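Hello,

Here is the structure I said I would pass on. My notes on it follow below.

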Amino acid sequence: MSRFDGRPGRALARAIVVVGAFVSVAEATEALVPNARLRQPRDRASLAEAIRGGARRLADPRCEELLGKLQNRRRQPLRVVLEAQGLSAPQFLGRLFFFDGTQSGCQGRRLAYTEPGSHVVFVCAGEFSRLYEQNVSRAEVAIIHETLHCLGLGENPPTWQEINEWVEAACRK
């Protein structure tokens, strides 16, 4: 008798189902947050969940108030930037692209980085995943922080710590 107990078709069918299950989970994660483009599935899943959480927070009216208070470098409130695009804050976040920036700019305590007005955020994948596992709230704050920069908010001034404090205060769960 062979290893397949005389039924190679069943063994092959089981193998296809198992492989298919793994592909389906990966595809589902990709479909929910297609712009989370990290290489490692664990990192991509952490980022995707943080994006979802950040979007939920941005949809809260208390958090939205922050967009009326913060300004881009042209002194326009970030809310005006969103309105000009006809987007809500969660919709804007859904249009950002997140790539692995580990090789290019992840020194020190950095979790992610972008340029004001960009639609690309570079994520320090391993560090971000570790933070997400330890403190989901802080990971979601980091996503909102980078979203504010993508809307045009500069930094230094304000410092990254000040931005995080404002987000934490306005965008509590």
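Some ground rules. This is a predicted model, in which local features need pLDDT of at least 70 and side-chain atom pairs count only at pLDDT 80 or more, while totals for chains, interfaces and linings use all residues. Residues are numbered from 1 along each chain as its sequence is written, and side-chain values use heavy atoms, with hydrogens and water left out.

Overall fold

The chain has 9 helices and 4 strands, taken as DSSP runs (helices: H or I, at least four residues; strands: E, at least two) and numbered from the N terminus. Along the sequence they come in the pattern α-β-α-α-α-α-β-α-β-β-α-α-α. Of the 173 residues, 39% count as buried, that is, under 20% relative accessible area with a 1.4 Å probe, protein chains only. For contacts (heavy atoms within 4.5 Å) between residues at least 6 apart in sequence, 57% join residues at least 24 apart.

The sheet

The 4 strands form an open sheet with mixed pairing, in the order β1-β2-β4-β3; two strands pair if DSSP finds at least two bridges between them. Its edge strands are β1 (36-37) and β3, each pairing on one side only. β1 runs parallel to β2 (residues 97-100), with 2 bridges joining them, and R37 has F99 in β2 as its bridge partner. β2 and β4 are also parallel, over 4 bridges; here F97 stands opposite V120 in β4. β3 pairs with β4 (residues 120-123) in the antiparallel sense over 2 bridges, and the partner of Y113 is F122 in β4.

The largest pocket

The largest pocket holds about 750 Å³ of space. A pocket here is an open set of points on a 1 Å grid over the protein atoms alone, where a 1.4 Å probe fits, with protein on both sides within 12 Å along at least five of seven lines; lining residues have an atom within 4 Å of a point. The volume is the space filled by probe spheres set on the points, which are joined across faces, edges and corners. It has 27 lining residues, and R109, R110, L111, A112 and E146 are the closest to its centre. Elements giving two or more residues to the lining are β3 (112-113), α7 (125-134), α8 (136-150) and α9 (160-170). The largest share, 6 residues, comes from α8.

Regards

Technical notes: Buried means under 20% relative accessible area, exposed over 50%, partly exposed in between (1.4 Å probe, protein chains only).
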